[in-house]
Amino acid sequence: MEKKWWHGKAAYQIYPKSFCDSNGDGIGDLQGICGKLDYLKDLGIDLVWISPIYQSPFVDQGYDISDYYALDKAFGTMEDMDRLLAEAKKRDIRIIMDLVVNHCSDQHEWFKKAIEDPYGPYGKYFYILEGRDGKVPCNWRSYFGGSVWDKLPGHDNLYYLHMFAKEQPDLNWENPLLREEIYRMIRWWLEKGVAGFRLDAIINIKKDLRFKDFPADREDGMCSCSQMLKYAKGVHEFLQEMKEKAFKPYGAFTIGELFDFRKEELKRYIGTEGCFESIFDFAPHLLGGSGKGWYDRKKVTPDQYRDAVFASKAFSQDTGMMANIIENHDEPRGVSHYLPEGEVTEESKKMLGGLMMMAVGLPFLYQGQEIGMTNQTFTDICQVEDISTLDEYQVALDHGLSREEALKAVARMSRDNARTPMQWDDSPHAGFTAGKPWLKENENYREVNVKEQEGREDSVLSFYRAMLKLRKSVEYGEAIVYGKQIPWMEKEKEFMAFYRKGEKRQLLVLANFRKEERKVQVKEEIRRIVADNCRKVSAWGMEEPKEWKEGLLLKGYQFLVLDVTP
Ligand code: TEU
Ligand code: CA
């Protein structure tokens, strides 16, 4: 693997609406982020991705952009942004923006002009088609439910395409003028000093231009629009062009959000010839889904989790570096999702985080993960803001679930679980805002918050800090960043173990993924305990490992990193 400057770094995603509110309007903002840069620096963060902050009607929380050159007033001014970039730079932190260019907002001037004159130049910025026998052009279902087609306002037989909400019309990448507009916008932000982008839903920019029906996959007679991705060839040509014309001249860091890509094409996305620097590793996140809807989602077992991570690393680690996550703003909280109910403790939270940080890949934390934030408790559907959750609730009802069952089913998966305010301290509203938060905070903030964990040596936060420090250490950094990841005892139930074999050091990572203890016979001589989730961080490496000759006794959810260098 060709070495890159970012390989040894650590990254963090900020969901700006919920991170820190500086002016009491209940919405997180840029000044709020600015005030927390030292916190991020202390944690060991080098790269920060901020979810969309552009001008937006917020139908999909900013993923519907009405002006790519303006910030939404709720987040602050362009001066605030410049200040944030400058302050981040002082601390050697790079800021990356969200690039949402599969679609824009229906309030964007391009779309307004397209409505005015569908046959004029802006009509060609979108996919506008005539209906078929008075009906929509084809039977694709959008990711947020309903047809991908909606009537172009004021035009009888014209429809426009939207893979997401109807307020998010898809941009027509076949049009070179549109592509140039986008590259110009990217360069403008890079000129400003942002270090790069996270590319939203990027695989969708290439369509199957036949726009034909596929066999229905639900009772509504439609099929998921992701079906068409199988036949949409040539997305790399767009992506390579974007790299050449926009990213490369600035040495931008780029990370793609892509589902549904062809495994054999990994080389085209990451590594030496790839169009991105990295992509997120979503392997564990895809587990348990059936295509029917969230109501049908199965709980992920520890063994499934392990197998998915191992398979993903086996196929990717020689090509390039993916980014490891346990959650993001679209996912439930990792600790609630991957740990069995009733077994979510500080130890098990650290174990999950430890596995993520020790697996090969760029650790990409999501705000609140480092203190072990958990899913929200929803008691009524009216507490939900997220458009996708509301759709999935309807899907569950349509399938015949009672209101109560439907709520329970979508509550586990709701994207709002991760969007509740960041828990800074135990003051009202978790110290996130002096006003009323736009989305209700999680009630456990009095126990789970940054302030409580900051000085405590056995806290989840201290553990994350120590693990990120380890990644940058002279002694073990090379093994953690570049060491080959090799599974060990992968048939053992509820157990996840692997080596990281570096040039200088060899590490063995052990995780007892259950509440009962277990005995493990390590073959190698143990030179040192490098990390242990059951002890204070200052105590690592102190105990004499001699007595472990007859086998190591792992406590429930114990996580160990051992130096087993021959
Ligand atoms: O997500 C893309 C994506 O595929 C998700 O829609 C995913 O299928 C969904 O969240 C499951 O509920 C990106 C953003 O991360 C997401 O927040 C946006 O809503 C979406 O694109 C549209 O921009
Ligand atoms: Ca605010």
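Author: Met489 is partly exposed, because its relative accessible area is 29%; buried means under 20%, exposed over 50% and partly exposed in between, with a 1.4 Å probe and protein chains only. This is a predicted model, in which local features need pLDDT of at least 70, side-chain atom pairs count only at pLDDT 80 or more, and totals for chains, interfaces and linings use all residues. Residues are numbered from 1 along each chain as its sequence is written, chains are lettered from A and ligands numbered from 1 in the order in which they are written, and side-chain values use heavy atoms, with hydrogens and water left out.

The loop between β16 (484-488) and β17 (495-501) holds Met489. Helices (H or I, at least four residues) and strands (E, at least two) are DSSP runs numbered from the N terminus. The phi of Met489 is near 50°, a positive value in a residue other than glycine. Most residues other than glycine have a negative phi.

Gln61 also has a phi near 50°, again positive in a residue that is not glycine. Gln61 sits in the loop between β3 (54-55) and β4 (67-71). With a relative accessibility of 8%, Gln61 counts as buried.

Next come the surroundings of ligand 1. The shell around ligand 1 has 16 residues, and the closest are Asp60, Arg198, Asp200, Asp330 and Arg415; a residue belongs here if one of its heavy atoms lies within 4 Å of the molecule. By class, the shell holds 6 nonpolar, 3 polar and 7 charged residues. Here Ala, Val, Leu, Ile, Met, Phe, Trp, Tyr, Cys and Pro count as nonpolar, Asp, Glu, Lys and Arg as charged, and the others, Gly among them, as polar.

The side chain of Asp60 has an N or O atom 2.5 Å from an oxygen atom of the ligand. For Asp330, a polar side-chain atom lies 2.5 Å from a ligand oxygen. His103 has a side-chain N or O atom 2.9 Å from an oxygen atom of ligand 1. On its own, ligand 1 has 490 Å² of accessible area, and the protein covers 88% of that. Such areas come from the Shrake-Rupley method with a 1.4 Å probe; for residues, only the protein chains shown count as cover.

The loop between β14 (323-324) and α9 (334-338) contains Arg333. Arg333 is buried, since its relative accessible area is 0%. Its side chain makes a polar contact with that of Glu327, at 2.7 Å. A polar contact is a pair of N or O atoms within 3.5 Å; within protein, one must be able to donate a hydrogen and the other to accept it, and residues adjacent in sequence count only if both atoms are side-chain atoms. Ile325 is placed in the loop between β14 and α9, and is buried at 7% relative accessible area.

The calcium ion is ligand 2. Its protein donors are Asp21 (OD), Asn23 (OD1), Asp25 (OD), Ile27 (O) and Asp29 (OD), at 2.3 to 2.4 Å. Donors are N, O and S atoms within 2.8 Å of the metal (3.2 Å for Na, K and Ca); water is not among the atoms, so sites may look incomplete. Along the chain, the donor spacing is D-x1-N-x1-D-x1-I-x1-D. Asp21 is buried, with 7% relative accessible area.

Rings of Phe, Tyr and Trp (its six-membered ring) pair if their centres lie within 6.5 Å; planes under 30 degrees apart count as stacked, over 60 as edge-to-face and the rest as tilted. Trp173 and Phe238 form a tilted pair, with 5.8 Å between centres and 45° between planes. This pair links distant parts of the chain, 65 residues apart: Trp173 is in the loop between β9 (158-161) and α5 (176-192), and Phe238 is in helix α6 (residues 235-247). Trp173 is buried at 0% relative accessible area, and Phe238 is buried at 7%. One aromatic cluster is formed by Tyr54, Tyr68, Tyr69, Trp110, Tyr122, Tyr125, Trp188 and Trp189.
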